[in-house]
Amino acid sequence: MDASTRAASPMLEEAGPAGAQFEIDVGGMTCASCSNRVERALRKVPGVLAASVNLATEVASVQVAAGSPTGLEDVVGAIVAAGYEASERRPAGESAAEQEISPGLPAWVPVAVAALLSLPLAAPMVLQPFGIAFTLPPLWQWLLATPVQFVLGAHFYVAAWRALKAGAGNMDQLVALGTSAAYGLSVYQWLGQGAGHDAHLYFEASAVVITLVMLGKWLELRAKHKTVAAIRALQALRPEVATVLRQGVEQTVALARVQLGDIVVVRPGERIPTDGQISTGSTHVDESLLTGESDPVAKHPGDPVTGGAVNGEGRIEVAVGAVGSETVLSRIIRMVEDAQSKKAPIQRLVDRVSAVFVPVVLLAALATLLGWGLVQGDWTVATLNAVAVLVIACPCALGLATPTAIMAGTGVAARHGILIKDAEALELAHRIGVVAFDKTGTLTVGRPLLVAVEVVPGADSDRLVAAVAGIQGGSEHPLARAVTEYAAQHQLMPLQASEVQAVAGRGVVGVVAEETMLIGNRALMQERGVAVGAFADRSAALEDEGRTVSFVAIAGDQPIAVGLLAFGDELKPTAVHAVSALRALGVRTVLLTGDNEGAARRVGAALGIDEVRARVLPEMKAAAIAALGAGGKIVAMVGDGINDAPALAAAHVGIAMSTGTDVAMHTAGITLMRGDPALVADAISISRRTYRKIRQNLFWAFIYNVIGIPLAAAGLLNPVVAGGAMAMSSVSVVSNALLLRRWRPARRAASERPDASHSVAIDTEVA
């Protein structure tokens, strides 16, 4: 398939379940325990088959059984009853994770106010190491700490109470309980010792901890905002208006008012508003943000174009072929959204840990309180140590470790033309040990080309091609098109032909310059009594190499073959690099093809493929994939046709070319937006990088608690330091995930790209 059709291949969504599928924005979640509780609440709703809640995107995906009366209102009601906010999902870029903390105010304002109020309380502690000692009067400390505790920190109490009513624990309970203990102890100490300045107060601990938690959530919010940058960039490709040609007059209308069959006018430099086909004009189109390919693609009348691409130098008119949610761009956005909202299998471990985490922390804090209080007899120190345990243990980082990495990884992959449909495919891809390739349309261009012309001694090969092109000029047969393309490339003018007649399954007959010419396969020659003796050995050798052979003969009393045409498919320019890149990653490559043994091995040798399996029929490919996975190997299948669908489904990871069929893309977990096999190695690379980030994030999330909780229980961690550490744990895992945005596909040097000498012809009839 040529470059002009790359971006216009339709991207199908996954098949919907038997029942309804709801996407819900969930507000008020603060940690992994929250997302677990929402999932449990949803699974209790009658008719719900499955529910998954993503903490990073704050989206719940709910699947309802077919025929169930359960609707959107029931699902939303269950989430609200569990103590959270819920509404039908907004478009990407407007999710709950990106809303302001306080309605009507920028998200940073409450954080700034809390910091201004807390700074005077923290100043004595900060200045003490420098020999500067001063203490605010208790009344001033109380006046500064109270609005932070009960006004700016009110949402902690509200969320904690909702969780308590639902019989579950969450981060807000830990923060509310810990800071309230520090605040209450300070009030008790102050009132118990009178209005003097000698009371040992801890107002700074409660106020600073709340401020640090708010700061951490704000930084986390900003970081999560960046993880959906890929979706927002794709959405920004949609122009708000389009110029429509109606009754010969150009009208500017809202994009939503563009209808199928309309003619839209796109001037140089403008974005193409929707999918369609060029009816008038020629230009170059920049499709880089859709396909990841930087070079503009030439477009002419009849060529498809994709909404969101940038028109180059020419004015074009486009007949609208798809609008709204049916455009390629809309489907790409939905695929990326779906991948980012689904959970990776590794998240199940996190969910199991989070389910018991808060109760365990509460028990640890209680044990710390009783241990210090009963053994040391100092209940003030016991309270502060218990507060530190509560604050350091907040499981925010644990819940964000996996989904933020998934969001960043799928986002950056989409920007480079790799669409990952679900998190499981992304996670599995890092373990791929074997990649099986289909041939035609995957490693090859997918259409026959005229690769050899041979004539009897004394004949003119150019005139032979011109005559054949004249006879086959009106045919849509792939081999006929290959001849006419060859003639055009070599500037050969087709000769005038008459009495052209197709012979089904055999070839074609026509008259050129008063000579009747036969063009076709060996069967046609035998039926018409044509001797192919001069070309018998050569044609057999070419067929053994996998080429399709057509003979050219002059009819008469003694018909004789005067020429031979050999057709073959051509390797894609990056096929050699694709295989070498996989080898560099330690991945074994296999070719599964229906070709004969000789043709298959010729391709395998040219590409450096490790194993070649020839004469593999479509129904045998799935079994071949299963055999390759023996011994626990993770197998990926790369294909583009309907006949590849069973193998794509049988593989651990199916990878489809967008230049192929809808069925292949529907079945595969990963779709390559360019028909470039080199993207397979890039998909494995980003998967490995993403999984590495997930493991790093989980390590840091666990290590904060593994080290922090014992230190706090031992009295070695001040509540303020604990609050700062807890806030930084969330920020650190999200920031680490964001480093994935710097990933780039491996550079393919010009010297690594195969030239025409690497082209290999393949049997276009068998493949």
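Me: What makes R692 part of a helix?
Reply: R692 is found in helix α24, residues 678-713. Helices here are DSSP runs of H or I with at least four residues, numbered from the N terminus. This is a predicted model, where local features need pLDDT of at least 70, side-chain atom pairs count only at pLDDT 80 or more, and totals for chains, interfaces and linings use all residues. Residues are numbered from 1 along each chain as its sequence is written, and side-chain values use heavy atoms, without hydrogens and water.

Me: Why is R692 called partly exposed?
Reply: Its relative accessible area is 40%. Buried means under 20%, exposed means over 50%, and partly exposed is in between (1.4 Å probe, protein chains only). So R692 is partly exposed.

Me: Why is L426 called buried?
Reply: L426 has a relative accessible area of 2%, so it counts as buried. L426 lies in helix α14, residues 423-429.

Me: Which residues is L426 in contact with, leaving aside its neighbours within four places in sequence?
Reply: They are I406, T410, I420, S687 and T690. Contact means heavy atoms within 4.5 Å.

Me: How far from L426 is I670, going by C-alpha atoms?
Reply: The two C-alpha atoms are separated by 8.2 Å. Along the chain, L426 and I670 are 244 residues apart.

Me: Why is L363 called exposed?
Reply: The relative accessible area of L363 is 58%, so the residue is exposed. L363 lies in helix α11.

How values were computed: Helix = DSSP H or I, 4+ residues; strand = E, 2+ residues; numbered from the N terminus.
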